[in-house]
Amino acid sequence: MFFSVVLAVKDPTAVERANLLNMAKLSIKGLIESALSFGRTLDSDYPPLQQFFVVMEHCLKHGLKVRKSFLSYNKTIWGPLELVEKLYPEAEEIAASVRDLPGLKTPLGRARAWLRLALMQKKMADYLRCLIIQRDLLSEFYEYHALMMEEEGAVIVGLLVGLNVIDANLCVKGEDLDSQVGVIDFSVYLKSDDDIGGKERNVQIAAILDQKNYVEELNRQLNSTVSSLHARVDSLEKSNTKLIEELAIAKNNIIKLQEENHQLRSENTLILMKTQHHLEAAKVDVEAELQTYKHSRQGLDEMYSEARRQLREEAQLRQDMENELVVQVSMKHEIELAMKLLEKDIHEKQDTLIGLRQQLDEVKAINVEMYQKLQVSEDAMKEKNEIISRLEDKTNQINATMKQLEQRLQQAEKAQMEAEAEDEKLKQEYVNKSESLQNEFSQKEKQLLQLETDLKIEKEWRQTLEDDLQKEKETVSHLRTETQEIVTLKKEFLKLQEKNKQLKSTCEDQEAALQELASKLSESKLKIEDIKEANKALQGQVWLKDKEATHCKLCEKEFSLSKRKHHCRNCGEIFCNACSDNELPLPSSPKPVRVCDSCHAILIQRCSSNVP
């Protein structure tokens, strides 16, 4: 207990994980209890549900790595949640719907919408379980001490399974999920005595208030629907006449669409037949593979049981041999002990024989000396016959004892030879038995090693088969997802090609128009500068009166209905429409204007003689 407390003090991440786990337990428990007492589907304004989403957001943010983007550092939970659609194919729909939501601008808002949609589908636990299993992929987004990388994440996923009893109806489209502030309200989880005592009263009051709000909202909606229906009746009366006209056109379109529908249905039936044929062939192949796998697995199990039985027998034989070897070793120790005792006895007998031989040598030396003395002192011997006779008696006794000692020595030598022979026989038998036992033991060990290697090979082969099968399943699912992605990418690529062609054509048209406008503007600028110079030169001149101008100044022909008068603003000259053919394009005017030949000012057409 003390060691765990010290670890908790030293590791703040463990404390954070424990706190988040406890908050998740409280929020999920409170949500389930309140939803069951509430008795109907939950909406997005329900406070325990909002607190649950805030707690889940904090759990997913724990230990999240900071990822560098182009402009700043990014730390969001949308990355790991977006990874779920690659691991769980059923999550592709929810990810696509989150991306298509128009009001979401930030990755955090997409992650919040994803959590709400997953809760409505009742698959949040399944999605997060697939994410937690892939720890190697999660390590790209989370630190090693994060909640999703530890056991607390698995506990939270297990708690989320209990949320499948709740029905939620959440409106994600119009809700502002980007700017929400995720703060945990701890006052929800703190209970007092008054709260515990008045719980039933609060539930009844809440039910009555819910009914009142429901009735008010229903009346408000009915009033709005009545007003909208009046407006729709008016608009429908107006549009009814248009619809009658469009009905005939729609009937013709319906006939064409029915023909196209018939063709598409025939094509759809052909495609369905082809796909069913392919599916049946694939099912037959899968069943055959499963049957072969089952047969191979049954054979491997039988081989495994047979090898296990042989291993047990060999282990029993090895145990018996070890017991016999222990007995033989004990016998060997006893024989060695007996040999040592025999050697000790033999050494003692040899020592006694050496001592007897020394005594015999001494006696012989004494006899020689006595014989010499006898020869030297023959005279003395005569006198000492009695002494000699006694000495002869003693010598006779010594000879008898010598003979007895020699007989004993011969018997001891024979006993020693027999003991040595028996010892050699026992040694030979023991050597032969030990060699045979060692040979048998080595053979058994070789057989045991061979069986163990065969068993390991079979296990490895079985493991490789299972790994290959799993890899093939994963590759099939991966290829399916890749084919779907390739189809969508092809469609998007074709759309982008068409858009690119349209943009290129519009860009070329705009460039050509810009070139034409630039050339015309340059010409108009030059003419405007000439007009300005002419205006400066012709300042102070007076317009010619309309009555006095009867002939054109250039062609000197008389004005008529076909030859209308055009008056210059600057110089006051009057020309006919045939002579004033110079036209100038202006940016402010959609049509080109007529210009004077002398001063290049804009000409004004005279409608009557009263126009100044």
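Which helices do the buried residues of helix 2 pack against? Here is a short tour that answers this and then moves along the chain.

1. Some background first. This is a predicted model, in which local features need pLDDT of at least 70 and side-chain atom pairs count only at pLDDT 80 or more, while totals for chains, interfaces and linings use all residues. Residues are numbered from 1 along each chain as its sequence is written, and side-chain values use heavy atoms, with hydrogens and water left out.

2. The overall picture comes next. The protein chain has 14 helices and seven strands; helices (H or I, at least four residues) and strands (E, at least two) are DSSP runs, numbered from the N terminus. Of its 612 residues, 22% count as buried, where buried means under 20% relative accessible area, exposed over 50%, and partly exposed in between (1.4 Å probe, protein chains only). Among the contacts in the protein chain with a separation of 6 or more, 67% come from residues 24 or more positions apart; a contact means heavy atoms within 4.5 Å.

3. Now to the opening question. Helix 2 covers residues 12-38, and its buried residues pack against helix 3 (47-61) and helix 10 (151-160). Those buried residues include Thr13, Arg17, Leu20 and Leu21. From first C-alpha to last, helix 2 reaches 38 Å, close to the 39 Å expected at 1.5 Å a residue; the expected span is 1.5 Å times one less than the number of residues.

4. How do helix 2 and helix 3 cross? Their axes come within 9 Å and cross at roughly 155°, which makes helix 2 roughly antiparallel to helix 3. Axes are lines fitted to C-alpha atoms, for helices over the stretch in contact, and angles run from 0 to 180 degrees between N-to-C directions. Angles under 35 degrees count as roughly parallel, over 145 as roughly antiparallel, 65 to 115 as roughly perpendicular and the rest as oblique. This crossing is left-handed, meaning that the near helix is turned anticlockwise from the far one by less than a right angle (clockwise would be right-handed).

5. Have a look at the residues in that contact. Leu20, Met23, Ala24, Ser27, Ile28, Leu31 and Ser34 of helix 2 meet Pro48, Leu49, Phe52, Val55, His58 and Cys59 of helix 3. They divide into ten nonpolar, three polar and no charged. Here Ala, Val, Leu, Ile, Met, Phe, Trp, Tyr, Cys and Pro count as nonpolar, Asp, Glu, Lys and Arg as charged, and the others, Gly among them, as polar.

6. Helix 3 also packs with helix 7, at an angle of about 120° and with the axes 11 Å apart. That makes helix 3 oblique to helix 7, and the crossing is right-handed. Leu49, Phe52, Phe53, Glu57, Leu60 and Lys61 of helix 3 make the contact with Leu108, Arg112, Leu115, Arg116 and Leu119 of helix 7. These residues divide into seven nonpolar, no polar and four charged.

7. Helix 7 (residues 107-121) has 15 residues. Its buried residues pack against helix 3, helix 4 (78-82), helix 5 (84-87), helix 6 (92-100) and helix 8 (124-133). Lys122 follows helix 7 and lies in the loop between helix 7 and helix 8. Its phi is near 60°, a positive value in a residue other than glycine. At 32% relative accessibility, Lys122 counts as partly exposed.

8. Finally, visit Gln328, which sits in helix 12 (residues 199-376). Gln328 is buried, with a relative accessible area of 17%. Not counting residues up to four places away in sequence, Gln328 touches Tyr430, Lys433 and Leu437.
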